[in-house]
Every structure is written in structure tokens, then in C-alpha cells.
Amino acid sequence: MSNEFLIDRLTVGLKPVRPRKPVIDGVIIGGICLLELILFLGMGATRPNMPLAMVQPSFWWKLTGLGLIALFSGAAAVMSFDPVRSPRRGLIAVVALVAICLGAGWMIDAGRGGWGAVVGRLDWRNGIWCVHDMTLLAIPPVMGLGVLMQRGAPTDRKGTAWMVGIAAAAWGAFVFVFACPFDDPLYTAVWYSVGCGIVTVVSRLALPILTRW
Amino acid sequence: MSDRGWTEMMAAAQSGNAAVYRRLLGEIDPWLHRYFVRRLPPAMVDDAVQDTLLAVHEKRHTYEPSRPFEPWLGAIARYKWIDRLRAMKSSRTEELTTDIAIPDHEDAVTSARSLERLLDELKPAQADVIRLVKLQGLSIQEASSRTGQTMSLVKVNIHRGLGRLSSLVRKRADVE
């Protein structure tokens, strides 16, 4: 096929398009996340001892840390749907933010006694349930961001997929904080990292294939 | 045509002006040809140009009219270039016969020089087998006997070398 013929074919019946605006994408994904949070809380999934949790530093550590990671990585992911913008700097910043959050958790945890009780504190049976729930809660944002990624034109699909995975995982974990009855920072650091890690790796593997252009 | 002209033309194309869009695609076609001729073997240039024209068409809504057009076009062309380099990993190469007609050597020389610059940044073992198999069209077995590498090592070196080429291209600021 000659280029002339291709150009003719592309221009015949040309329809107007609305230029993509990152702000609109942000509003769409923000709306999906907010709706999920409202539905989750509306279904009565909140932990029963919420007033008690709200005086625990670890509760606010989880909520603030995950909220910041979700917000920052979500914004960086949406920006990277533009072909001219790379997600690399955002990824480095998000990794630094995660390290800061984990470091803050370690400081909160420093008062707790003894390494001997570590296995007991990890409580793996409940941990697996937590991983299960936060993974499910990450599905709406990962799907929403995946659709927006497909509609956009990311030129570093792998980097963007990492970013989408981190953002969706952090949001799923953020919503789950309202239901999670465990406040131990060690438990949170380990099991939340496992849950977020699963969502992030699955996104990294699946999204570059599904959003190829 | 200046970038400003292309910017205005693309904005008009986004509002559905087919005549202006046709002119724009007609003008970026030789630009893309020049872009790929410096970066790909001649046999791949036409496909890469057409692929990029299609991508420009499908993703035209991602262009923001307030920003210059050429960096946007360059980003898409670069993305398609990396795609082509990746595709070289899986594509079979056929040995060239000596009696094929070659109308013009200029494109081949330009792209070969550019590829050579990139190949120089690979390990010699990787660059050697990529030259032999992917550029000169030798079989894996022939490359193995010429370089003294085992056949599986030739395959691994081609795979790793092309992967490294893709990442080199991705990291490098596009100055041309």
C-alpha cells in the first residue's frame, strides 16, 4: 500500500475529535475511586472499633501514606498517558515516597517490644485475607486507569503500567484501611506490601499487552 | 513547513477539517521518511512510516493544540522506532542473494552508520552476532561458526543485544 493511498484512506470521512485533557482523565479516575469508597463504606464494611482506631498513630500512618502514594502515582500515571511525557521520574519519586512511608512505620513501631514475637505479630491467616480484600478493591481503579491508558498514547508502556499498578494498589489498600482491624505497623508493612505488590506486578505484566498501540 | 504551521494544521484536523489533515499527513510523510531512514535498515523504513501515520491518526486526540506539534510527532515516531527494534528480535532473517537490484545506496549507508553507532555501545560478542545475523542475513549456524560462539549463545547474544539497543534508544535524548 502506498503512503498516498493510506493518507487518502485516513482522511476520508474524517470526524472531529475532542483533544484529551489530563484533568478530565483525573476527574474520571477520581470519580471511580470516590464511588468505590462510598459504596464500600455504605455497605457497612467499616471496622466496628473505628473510634478506637482513630486515636492510633498507625491508623493515620496507613491512611496518609497510602493516600499520598495513590494520589501521587495516580497523577503521574495519568500524565504519562501523553506520548511526550515519560513516567520514569514519577516512578523514582514514588519509590522514594514508599520508602519514606515504610521508614515512618518503622519509627512508629520502634516502641514495640521484641523480635521474638514477630511471627505471631504477622498473623499470616488474617494477613492472607487482608491481601485478598485489598487486591479486590484495587480492581476498579486498575480497570479505570487501564481504559484511560488504552485511550491515551503512553510511549513507555512498561513504566506507565508500573505506575498504574502502584496507584491502583495503593488506592485498594487505602479503602481497605477503613475495614482492616489490625493496627500493628509490622503487620501492615508486610501484608499491605504483599497485596500492593501483587496488584502492581499483575498490572505490569498485563497492561503493556492490553494497551499496545 | 514550520512547526507552528503543523500545530495549526493539527488543531484544524482535530476539528474535522479533512483537507488540512490531508495536507498535514502529506507533509509529515517525508519528515517521517527522513527520520526512519537514519535509524532503520532500508527494508523497514516504509512499513515504519505507514505504521507511524496510522498511529498519528488513531491517537490524534492525544495531541494538545496548545503545545508544539513536532515533539509530539517525534515521540510517536520514536515509540514506533523502538517497536521496530524489538520486532527485529523475533523476526526471521533471510540470506540475501547477490543479484538483487539496489537502486540507491544512500539510505542504506545512512541507516548503517546510525546502526553502527548504536552497535558500538554493545558488548563485542553481541554486536558481532547482530551484524552477522540481523544485518548480513547469515544463519545462526553460520554466525556460530564465524564467531566461535555456540548456537545457543548466538541466540542469547542477539536477544540481549537487541534488548539493550531498545533501552539505549529509550534512554538517549533524541538530538537529531
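Reader: How do H4(A) and H9(A) run, roughly parallel or roughly antiparallel to each other?
Author: Roughly antiparallel. This is a predicted model. In it, helix H4 (residues 57-79) and helix H9 (residues 157-177) of chain A pack at an angle of about 150 degrees. Angles over 145 degrees count as roughly antiparallel, so H4(A) and H9(A) get that label.

Reader: And how far apart are their axes?
Author: The axes of H4 and H9 in chain A are 8 Å apart.

Reader: Is the crossing left-handed or right-handed?
Author: H4(A) and H9(A) make a left-handed crossing.

Reader: Which residues meet there?
Author: From H4(A), they include A:Phe59, A:Leu63, A:Leu66, A:Ile69 and A:Ala70. A:Lys62, A:Gly67 and A:Ser73 are also among them. On the H9(A) side, the list includes A:Met163, A:Val164, A:Ile166, A:Trp171 and A:Phe174. A:Thr160 is in that list too.

Reader: How many of the contact residues are nonpolar, polar or charged?
Author: The contact of H4(A) with H9(A) has 16 nonpolar residues, 4 polar and 1 charged.

Reader: Let's stay on H4. Where is A:Leu68?
Author: A:Leu68 is in helix H4 of chain A.

Reader: Why does A:Leu68 count as partly exposed?
Author: Because its relative accessibility is 43%.

Reader: How far is A:Leu68 from A:Leu97?
Author: Their C-alpha atoms are separated by 8.3 Å. Along the chain, A:Leu68 and A:Leu97 are 29 residues apart.

Reader: New spot. Where is A:Asp184 found?
Author: In chain A, A:Asp184 sits in the loop between H9 and helix H10 (185-210).

Reader: Buried or exposed?
Author: Buried. A:Asp184 has 11% relative accessibility, and buried means under 20%.

Reader: What separates A:Asp184 from A:Gln56?
Author: Along the chain, 128 residues. Between the C-alpha atoms of A:Asp184 and A:Gln56, 9.8 Å.

Reader: Now chain B. How many helices and strands?
Author: Chain B has 8 helices and 0 strands. Its pattern along the sequence is α-α-α-α-α-α-α-α.

Reader: What share of chain B counts as buried?
Author: 45% of its 176 residues.

Reader: One more. What share of the chain B contacts with a separation of 6 or more comes from residues 24 or more positions apart?
Author: In chain B, such residues account for 67% of those contacts.

Terms used. Residues numbered from 1 in each chain as written. Chains lettered and ligands numbered in written order. Predicted model: local features only at pLDDT ≥ 70, side-chain atom pairs only at ≥ 80, totals over all residues. Heavy atoms only, no water. Axes fitted to C-alpha atoms, helices over the stretch in contact; angles between N-to-C directions. Helix = DSSP H or I, 4+ residues; strand = E, 2+ residues; numbered from the N terminus. Parallel < 35°, antiparallel > 145°, perpendicular 65-115°, else oblique. Left-handed = near helix turned anticlockwise from the far one by under 90°. Contact = heavy atoms within 4.5 Å. Nonpolar A, V, L, I, M, F, W, Y, C, P; charged D, E, K, R; others polar. Buried < 20%, exposed > 50% of the residue type's maximum accessible area, 1.4 Å probe, protein only.
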